[in-house]
Amino acid sequence: MTSDRPTGGQDQTQIALANALRDEIHDFCALQWPQEACGLLIAAIDTPNKIRRVVFARNVAEDPLTTFEIDPQTLIECHRTARHKGERVVGCFHSHPNGKALPSPTDRARADENGFLWLVIATEHNGAVDSRMYRIIHQHTDDANAENTELRYFRRCQIIED
Ligand SMILES: [Zn+2]
């Protein structure tokens, strides 16, 4: 479909994200440029592929120009609130101030929750220019001789307006 397909290629999985929510995320990320912005994606427990709301977080990384770390306090509160409301934290979002919406090797290394959604927003000095949704897939091999039995890749998802 696109020429710059990430590792793993396209997925037919559709993730519903209302335009209004996407705009809010874009605005938030644009304001943080040239730093990386971050936050969480929340869905109802029975419709995990439909983003219901987003939570904006502080980037507490040591170097927010090149990486992100969601404020752990926000993370804890977010999980707690979601549990009470019959929701689940299904993913996260963060921005790439270099204008590229591809997940980095660092992102892949840090994507420890199998199936988690990763929304990457490309920002430039004049605002958000692109955003793409991915799902991290952990694939295990049974090969005992293999050096690394876990293969990880981001699979592109299709964002549909809902
Ligand atoms: Zn990243």
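Figure 1. Setting aside neighbours within four places in sequence, Phe 93 is in contact (heavy atoms within 4.5 Å) with Ile 25, Phe 28, Cys 29, Ala 37, Cys 38, Gly 39, Leu 40, Leu 41, Val 55, Phe 56, Leu 119 and Ile 121. Strands, like helices, are DSSP runs numbered from the N terminus: helices are H or I of at least four residues, strands E of at least two. Phe 93 has 0% relative accessibility and therefore counts as buried; buried means under 20% relative accessible area, exposed over 50%, and partly exposed in between, with a 1.4 Å probe and protein chains only. Phe 93 and Trp 118 are 25 residues apart in sequence, and their C-alpha atoms are 5.6 Å apart in space. Residue numbers start from 1 along each chain as its sequence is written, and side-chain values use heavy atoms, with hydrogens and water left out. Because the model is predicted, local features need pLDDT of at least 70 and side-chain atom pairs count only at pLDDT 80 or more, while totals for chains, interfaces and linings use all residues.

**Figure 2. The largest nonpolar core and a second, separate one.** A nonpolar core is a set of buried Ala, Val, Leu, Ile, Met, Phe, Trp, Tyr and Cys residues joined through side-chain atoms within 4.5 Å. The largest has 19 residues, and those with the most contacts inside it are Ile 25, Leu 41, Ile 51, Phe 93, Leu 117, Leu 119 and Met 133. At least two residues of this core come from each of α1 (19-32), β2 (38-44), β3 (51-57), β4 (87-96), β5 (117-124) and β7 (150-160). Helix α1 gives the largest share, four residues. In soluble globular proteins, nonpolar side chains tend to be buried together.

**Figure 3. Thr 13 in strand β1.** The strand covers residues 10-16. Thr 13 counts as buried because its relative accessibility is 19%. Apart from neighbours within four places in sequence, Thr 13 is in contact with Asn 49, Arg 135, Cys 157 and Gln 158.

**Figure 4. Ala 61 in the loop between β3 and α2.** Helix α2 covers residues 72-84. Ala 61 has 10% relative accessibility, so this residue counts as buried. Not counting residues up to four places away in sequence, Ala 61 touches Thr 67, Phe 68 and Glu 69. Asp 143 is 82 residues from Ala 61 in sequence and 36 Å from it in space, C-alpha to C-alpha.

**Figure 5. The cis peptide bond between Trp 33 and Pro 34.** The omega angle of this bond is about 10 degrees. Pro 34 lies in the loop between α1 and β2. Most peptide bonds are trans.

**Figure 6. The protein chain that holds these sites.** Its secondary structure comprises three helices and seven strands, in the order β-α-β-β-α-β-α-β-β-β along the sequence. The radius of gyration is 16 Å, close to the 15 Å from the globule rule for 162 residues, so the chain is as compact as a globular protein of that length. This radius is taken over C-alpha atoms, and the rule is 2.2 Å times the number of residues to the power 0.38. The C-alpha trace spans about 50 × 40 × 35 Å along its principal axes. Of the 162 residues, 44% count as buried.
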